[in-house]
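Let's walk through this structure together, one part at a time. Have the sequence and the model open side by side as you read.

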Amino acid sequence: MKYDPIDSSLFIENRKNFMAKMKPNSIAVFNSNDVYPVSADSALPFEQHRDIFFLSGVDQEESVLLLFPNCPKEHLREVLFLRETNEHIAVWEGAKLTKEKALVTSGIKSVYWLQDLEKVLAEMMALAENVYINTNEHYRASVETETREARFTKWLLAKYPAHSVAKSNPILQHLRSLKNPIELALIQKACDITEKGFRRVLDFIKPGVWEYEIEAEYIHEFIRNRSKRFAYTPIIASGNNANVLHYIENNQQCKAGDLILMDVGAQYANYASDMTRTVPVSGRFSERQKAVYNAVNHVKNEATKLLVPGTIWADYHKEVGKIMTSELLDLKLIDKADVQNEDPNWPAYKKYFMHGTSHHMGLDTHDYGLLHQPMQANMVFTVEPGIYIPKEGFGIRLEDDVVIQENGAPFNLMRNIPIDADEIEDIMNS
């Protein structure tokens with residue numbers, strides 16, 4: 001791994017919190033992700049399943065975690081299974097976790113090789129009444145590929161049909177949405193790396209450069225600061241490309257007078273950052289561009305103030321919509337008649353700002369979190385309003401990542417990343 005070792009107390013605490021919410025006499029099962037083949041002998045880079053990482057810190061394929069908090073056999077209350085390593089694997093693939101290193105990483109004392117899984121599991125299942133399976137129930141999820149977790153669940157329920165079945169996901173949705181101080185430090189690190197990338201491209205952007213060249217500048221800076229990759233597919237959208245919300249081709253040349261919207265974030269230790277900045281290709285905003293830019297920034301600042309404990313996500317977006325409506329009226333993009341005659345299900349402001357303002361962020365860019373529950377301290381949210389004007393050839397979105405505080409305004413993890421329009425111009429022209 002490129003990232004520095006993580007204190008195992010994080011994973012010990014996460015397991016303790018998860019097991020406290022399990023029914024008595026229950027086993028919970030968590031699997032690593034598959035290594036996905038491309039063709040011939042090539043495969044996609046491995047990405048660990050975030051749930052087993054959250055509970056163990058193990059960042060390796062073919063790993064399985066079993067939790068049985070009140071097992072009468074104490075050594076079977078937390079059990080980790082790993083692919084057995086050997087000299088051949090070390091030569092061809094690099095060193096894998098040994099049992100000793102797995103203990104240091106996870107804090108789990110009972111570590112077995114994967115070949116012992118069925119035997120140990122049978123011993124544990126004989127003592128249990130319920131089994132927690134791990135399914136993906138994120139509100140944005142659309143899973144068509146059968147995962148390693150899903151295959152194991154299918155096998156497990158067929159092998160042990162007499163056990164009652166419970167779901168891990170509701171517990172994880174709650175626990176993962178509340179960040180431990182160690183997690184917040186890791187997300188801050190990801191944001192700091194993103195800052196380095198942004199400052200690098202401010203010196204690079206000028207008329208004639210290509211969107212993919214800017215993408216390359218970002219990943220260069222990210223990797224040299226121990227990030228493994230982008231936290232998500234980057235959007236580098238110049239001119240009217242910014243009006244395509246999920247534009248990822250990044251293959252057009254940047255032209256003088258255009259704006260370029262960059263929705264980019266570094267990943268660090270599997271934790272995401274999520275930043276959007278919009279800057280002038282020529283180093284100066286036009287008067288109209290700056291007016292729209294400042295309106296978006298104002299909405300972002302006002303929306304951020306609403307992210308406090310007790311806020312309901314759906315109500316928050318309605319309030320942000322009112323703030324955006326006022327700005328669009330001032331910009332003469334909509335008028336009072338548009339507002340008076342609007343469809344309540346698709347308000348007038350949605351013509352220019354059609355997406356949500358905030359989402360949970362953490363181990364996933366769109367992280368776990370139960371949207372019907374009130375916001376709580378130590379949740380991390382993005383704040384990302386935008387105004388998109390295809391007829392004028394540009395779109396502007398600005399985005400920071402913030403931590404909800406018990407008292408006071410949210411803490412901005414991207415507070416050091418330039419965002420003020422005048423500051424952006426000063427840096428680009430220095």
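In which sense do strand 17 and strand 18 pair, and over how many bridges? In this predicted model, strand 17 (residues 400-403) meets strand 18 in the antiparallel sense, with two bridges between them. Look at Val402: its bridge partner in strand 18 is Asn412.

Both strands belong to an open sheet of three strands, with the order 14-17-18 and antiparallel pairing. Strand 14 (380-383) and strand 18 (411-412) stand at the edges with a single partner strand each, so one side of each has no neighbour in the sheet.

Now turn to helix 6 (residues 148-159). Its twelve residues should span 16 Å at 1.5 Å a residue, which agrees with the 16 Å between its end C-alpha atoms. Seen down the axis, the buried residues of helix 6 fall within an arc of 130°, so they line one face of the helix. Those residues are Arg148, Glu149, Phe152, Thr153 and Leu156, and their cover includes strand 1 (26-31), helix 5 (117-125) and strand 7 (130-133). On the other side of helix 6, you will find Lys154 and Ala158 exposed.

Finally, step back to the whole chain, which is divided into domain 1 (8-177) and domain 2 (181-429). The centres of domain 1 and domain 2, taken over C-alpha atoms, are 35 Å apart. Across the boundary, 19 residues of domain 1 are in contact with 23 residues of domain 2. Between them the two domains bury about 1,900 Å², 50% of it on carbon and sulfur atoms. On the domain 1 side, Arg50, Arg176 and Ser177 lose the most area to domain 2, together 30% of what that side buries.

How values were computed:
Residues numbered from 1 in each chain as written. Predicted model: local features only at pLDDT ≥ 70, side-chain atom pairs only at ≥ 80, totals over all residues. Heavy atoms only, no water. Pairing = 2+ DSSP bridges. Helix = DSSP H or I, 4+ residues; strand = E, 2+ residues; numbered from the N terminus. Expected span 1.5 Å × (residues − 1). Buried < 20%, exposed > 50% of the residue type's maximum accessible area, 1.4 Å probe, protein only. Arc of directions from axis to C-beta. Contact = heavy atoms within 4.5 Å. Domains from an automatic or database assignment. Buried area = accessible area lost by both parts, 1.4 Å probe.
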